[in-house]
Amino acid sequence: MSNNDFSRGAIENNPAWAQLLGLCPLLAVSNSVANAVGLALASGFVLLGANTSISLLRKIIPDVARLPCFVLIIATFTTVAVMVLEAYAFDMFTRIALFVQIIVTNCMILGRAEAFASRQPVSRAVFDALGTAVGFTIALLALGTVREILGNGTVLADMDLLIGDTAANWQLTIFTSPPLPLALYPPGAFLLAGILFAAVKALTAKDDTIERPATQSEAKQ
Amino acid sequence: MTELGVILIGALLVNNFVLAQFLGLCPFMGITKSYDTAFATGLATTFVLALAAVISHLIYHGILVPLELTYLNIILFIVVIAGLVQLIQVYLHATSPVLHQLLGIYLPLITSNCAVLGVTLLAINQDLTLLQTLTFAIGAAAGFTLVMVLFGALREQLQQASIPKAFDGTPIALVSAGLMSLAFMGFQGIGS
């Protein structure tokens with residue numbers, strides 16, 4: 001059961017390409033792997049915290065006032081994430097500050113709270129949050145890696161801003177002169193995200209063709 | 001006066017919120033399927049954005065800074081925006097049924113539009129004065145509306161085009177947005 005909750009959030013209902021939620025941060029901070037990981041961690045923390053506490057409080061929160069309550073809970077966890085990043089990874093924070101602060105308005109988190117956590121026990125809500133967070137991380141990392149390689153010629157540059165000195169030598173240089181500097185700019189983000197989503201659609205379309213004859217024969221019966 | 005002009009053009013075109021700063025993409029992708037809805041959403045957002053930025057500015061500098069509670073800004077701003085949206089909805093319902101019918105269903109969505117919170121936070125982070133905040137908010141909202149309307153018209157055309165199957169829907173919308181963003185990069189450097 002919990003396994004289903006996890007994989008549903010991560011793959012089938014992937015917040016980025018299946019539901020188009022959290023597009024703003026996805027496009028904005030995917031200009032390097034380090035930024036992508038930073039935001040993925042912050043969003044994952046808020047998602048997990050919000051889903052868990054909303055699930056625990058689901059019998060106390062009155063139904064008519066549930067959305068304001070959810071938003072306040074999410075805002076609280078976002079504030080905590082901002083404070084932690086400011087305290088322990090300040091240089092990283094200054095690069096992605098605005099998008100950490102607006103995690104509050106990320107529909108992905110409110111969506112999980114409303115659709116899942118407010119109706120399910122804590123154990124399932126936790127797996128649902130983890131699955132959704134992993135799904136969002138996959139999308140962020142995929143776009144972040146491609147954009148960093150094409151736009152900057154490197155992978156994992158500046159990871160030390162996030163993890164500390166141990167990560168100072170992690171940077172891999174793939175191209176000494178970047179093949180497509182545009183990838184780091186806003187148009188590159190839109191174009192590459194479009195291509196990524198199209199690729200996902202093309203790969204998953206095969207499943208549809210297998211399923212479709214089955215549904216048609218069912219309809220005949 | 002020149003300074004205000006620079007802020008206005010900067011937020012409207014040079015650093016367009018949707019195409020250069022990636023704020024407000026949910027409505028940009030979600031409700032620009034036709035020209036009319038795009039325009040109505042743009043108008044409703046403009047109204048809320050300008051009011052929210054000014055009220056948040058007053059609360060931040062009038063209450064949070066003197067009490068040294070600035071770390072509460074995110075929580076307070078989201079409450080201001082949600083409350084404002086609710087108030088406008090009630091007010092419009094009572095005074096102008098026509099406008100309410102036109103904008104009604106788009107109003108609640110504005111609360112979760114990250115452009116509104118984004119503009120509010122950016123104005124605070126950049127230490128803008130009240131008049132500058134208002135100009136910045138109007139510029140940002142006008143830029144948002146402009147791009148929404150342009151993109152709404154563009155997507156109406158896209159529906160007639162024959163598109164490769166994998167690109168149908170969101171992917172082609174993202175690629176079109178990329179090309180628009182490329183055009184908007186041409187404004188870089190104005191006012192600097």
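Modeller: Between chain B and chain A there are zero salt bridges, a salt bridge being a side-chain nitrogen of Lys or Arg within 4 Å of a carboxyl oxygen of Asp or Glu. One residue pair, with both at pLDDT 80 or more, is in polar contact between chain B and chain A; that term stands for a pair of N or O atoms within 3.5 Å, where within protein one must be able to donate a hydrogen and the other to accept it, and residues adjacent in sequence count only if both atoms are side-chain atoms. This is a predicted model, in which local features need pLDDT of at least 70, side-chain atom pairs count only at pLDDT 80 or more, and totals for chains, interfaces and linings use all residues. Side-chain values use heavy atoms, leaving out hydrogens and water, residues are numbered from 1 along each chain as its sequence is written, and chains are lettered from A in the order in which they are written.

By class, the side of chain B that touches chain A has 25 nonpolar, 10 polar and two charged residues (Ala, Val, Leu, Ile, Met, Phe, Trp, Tyr, Cys and Pro count as nonpolar, Asp, Glu, Lys and Arg as charged, and the others, Gly among them, as polar). In total, 37 residues from chain B and 34 residues from chain A take part in the contact, meaning heavy atoms within 4.5 Å. On the chain A side, A:Leu27 touches B:Phe22, B:Leu25 and B:Leu174, among others.

Notes:
Lists of a residue's contacts leave out its neighbours within four places in sequence.
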